[in-house]
Amino acid sequence: MKKILFEKIDSSYDFRHATLEHKYSNFIENINDKNTFYYFFAEMLSNIKDHSKFNNAYLLAKKQEDNIIDLSFSDDGITLPFTLQQHKEDNLTIYDATKGLSSKKDEGRGFGLPSTIKIISSMIQGELIIASRNAIYYKTYQNELSDNLNSSLVNGTLVSIRFDCTKLPNIYSII
Amino acid sequence: MTTKTINMYERYGDIIGLRYLAESIFDNIGDNIEIVVDFDKVEFIGRSFTQEYIRQKKKQNAKIIEINASSSITNMIDWVVKTWK
């Protein structure tokens with residue numbers, strides 16, 4: 001049976017273990033490393049909170065019968081290309097973000113998105129899509145594509161990851 | 001020297017993921033003090049939180065000691081320190 005959870009994210013989003021275990025009880029069954037699951041949450045939510053200046057943000061989680069999970073984080077914020085102001089073409093700016101470019105110049109920044117992409121695409125053969133302003137970026141183990149559209153694709157940013165939850169590696173074995 | 005203990009579980013819960021939580025962690029601590037950061041019952045800390053925690057820690061003049069940190073927490077701290085740029 002397919003499981004779906006849709007929730008609004010705000011500044012008071014409850015990240016405690018008991019709350020997540022309760023809300024996502026149908027999702028974390030069969031997950032072989034919950035910390036990796038929490039890692040995705042932490043990095044994606046931190047990115048929204050730190051960079052997007054959102055008014056509204058949402059999380060859509062979907063789990064299929066074959067243990068494939070989709071986690072989609074969306075916000076109506078200022079978008080990656082606007083935040084980074086790196087290239088005229090939005091897809092090039094998003095590409096740089098996936099390689100570690102951060103709008104914050106503090107030491108140690110810029111690892112959240114690349115590490116998530118590395119785990120999803122290289123280690124467990126999942127898929128990742130980023131859509132922000134005029135561009136879309138798609139990454140799998142074998143493919144990495146990005147393109148621009150003529151008009152704004154989304155009013156904000158969408159990051160969506162798809163993975164087989166039975167394949168999640170121990171986060172501490174790969175860092 | 002005075003010792004002040006920060007109980008991470010009581011303050012943030014057992015999963016500490018978001019960066020902003022660390023931004024004010026050492027606010028109003030004072031000088032000439034020893035800070036004990038107690039990770040008892042904390043199961044997971046995210047990379048972004050850890051990066052900010054270390055950044056705030058570097059700004060302190062106080063001696064900071066971490067106690068009751070599980071291997072998952074020490075591994076994350078070690079990873080962030082290792083990849084600091």
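1. Lys49(A) lies over the face of Tyr20(B), 4.3 Å from the ring centre. Within chain B, the charged end of Arg47(B) sits over the ring of Trp79(B), at 4.7 Å from its centre. A charge sits over a ring if NZ of Lys or CZ of Arg is within 6 Å of the ring centre and within 35 degrees of the ring normal.

2. The model is predicted: local features need pLDDT of at least 70, side-chain atom pairs count only at pLDDT 80 or more, and totals for chains, interfaces and linings use all residues. Residues are numbered from 1 along each chain as its sequence is written, chains are lettered from A and ligands numbered from 1 in the order in which they are written, and side-chain values use heavy atoms, with hydrogens and water left out.

3. The predictor assigns the complex an ipTM of 0.80 and a pTM of 0.86. For chain B the mean pLDDT (the predictor's confidence in each residue, from 0 to 100) is 90, and 99% of its residues reach 70 or more.

4. Over all chains there are 14 aromatic pairs. Rings of Phe, Tyr and Trp (its six-membered ring) pair if their centres lie within 6.5 Å; planes under 30 degrees apart count as stacked, over 60 as edge-to-face and the rest as tilted. One aromatic cluster is formed by Tyr24(A), Phe27(A), Phe37(A), Tyr38(A), Phe41(A), Phe73(A) and Phe44(B).

5. Tyr12(B) and Phe49(B) make an edge-to-face pair, with 6.1 Å between centres and 65 degrees between planes. Tyr12(B) belongs to helix α1 (residues 8–12) of chain B and Phe49(B) to helix α2 (residues 47–58) of chain B, so the pair ties together parts 37 residues apart in sequence. Helices (H or I, at least four residues) and strands (E, at least two) are DSSP runs, numbered from the N terminus. Both Tyr12(B) and Phe49(B) are buried (under 20% relative accessible area, with exposed over 50% and partly exposed in between; 1.4 Å probe, protein chains only).

6. In chain A, 7 strands form an open sheet in the order β1-β2-β3-β7-β4-β5-β6, with antiparallel pairing. Strands β1 (3–9) and β6 (144–148) of chain A stand at the edges with a single partner strand each, so one side of each has no neighbour in the sheet. Two strands pair if DSSP finds at least two bridges between them; β5 (residues 135–139) of chain A and β6(A) pair over 5 bridges.
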